[in-house]
Amino acid sequence: MAGKQMDIKGPILADTLYCDGWLAGRDVEFTLPDITFKTAEIQAMGTMVTPLIGLVENMELTITRVGVDSGYGDLNELDRHSLEFRWVQVSIGKDGTTKTEGCKAYIRTMPSAIPGFSVKPGDAISTSHKYNVTRMQIYVGGREKILIDRLSNILRVNGTDYSKSIENLL
């Protein structure tokens, strides 16, 4: 596609994790969940699998932290959590200018497991926290990219509300 260019996203410079409003970690590794739609088989020149937009498989968030501290205990409370991830990435514009760009993810969770850990002299302890996600909202450069709220039946991607058409028919 001639003439069509896009910004290039570079490395992550830093990130922070807030749990229920307090700073729970810096430079943590996290993996946001995939949004995987349930599927159905239909007959169309044989069998075809089609996604059922609006019906979503379980979403799981993973947070990897180094060390066992008060944040380890607080993240393992057997209650719902509101998590906020903030990260800064390098963005190179179409004209070659470099800038930093802020991103955020707001996540509501329920605990999935309490992580164990291994202790070995000379090595750092690493824990991997897993959560079931009930709501996920992602912003890049101040613009909402995804909002999925399973308990409120909201599915919005790049400003398009996919659940609204279903709700209007009910």
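Student: Which side chain meets that of Arg86 in a salt bridge, and at what N to O distance?
Tutor: A salt bridge needs a side-chain nitrogen of Lys or Arg within 4 Å of a carboxyl oxygen of Asp or Glu. Arg86 brings the nitrogen, and the pair stands at 2.6 Å, N to O. The partner is Glu84.

Student: What kind of model is this?
Tutor: Residues are numbered from 1 along each chain as its sequence is written, and side-chain values use heavy atoms, with hydrogens and water left out. Local features need pLDDT of at least 70 and side-chain atom pairs count only at pLDDT 80 or more, while totals for chains, interfaces and linings use all residues, since the model is predicted.

Student: Is Glu84 buried or exposed?
Tutor: Buried means under 20% relative accessible area, exposed over 50%, and partly exposed in between (1.4 Å probe, protein chains only). Glu84 has 15%, so Glu84 is buried.

Student: How many salt bridges does a search of the whole structure find?
Tutor: Side chains of opposite charge can pair when their charged atoms come close. Arg108, Arg135 and Asp149 are linked in a network of such bridges. The search of the whole structure finds seven.

Student: How many residues apart are Glu101 and Lys9, which form a salt bridge?
Tutor: Their closest N and O atoms are 2.9 Å apart. Strands are DSSP runs of E, at least two residues, numbered from the N terminus. Glu101 sits in strand S8 (residues 98–113) and Lys9 in strand S1 (residues 8–19), so the pair links distant parts of the chain. The separation is 92 residues.

Student: Which of these two counts as buried?
Tutor: Lys9 has 39% relative accessibility, so Lys9 is partly exposed. The value of 12% belongs to the buried residue, Glu101.

Student: Which side chain is joined to that of Glu101 by a polar contact of 2.8 Å?
Tutor: A polar contact is a pair of N or O atoms within 3.5 Å; within protein, one must be able to donate a hydrogen and the other to accept it, and residues adjacent in sequence count only if both atoms are side-chain atoms. Glu101 makes one with Lys9 at 2.9 Å. The 2.8 Å partner is Gln89.

Student: Which residues is Glu101 in contact with, leaving aside neighbours within four places in sequence?
Tutor: Contact means heavy atoms within 4.5 Å. With those neighbours left aside, the residues are Lys9, Trp87, Val88, Gln89, Ser91, Val140 and Gly141.

Notes. Helix = DSSP H or I, 4+ residues; strand = E, 2+ residues; numbered from the N terminus.
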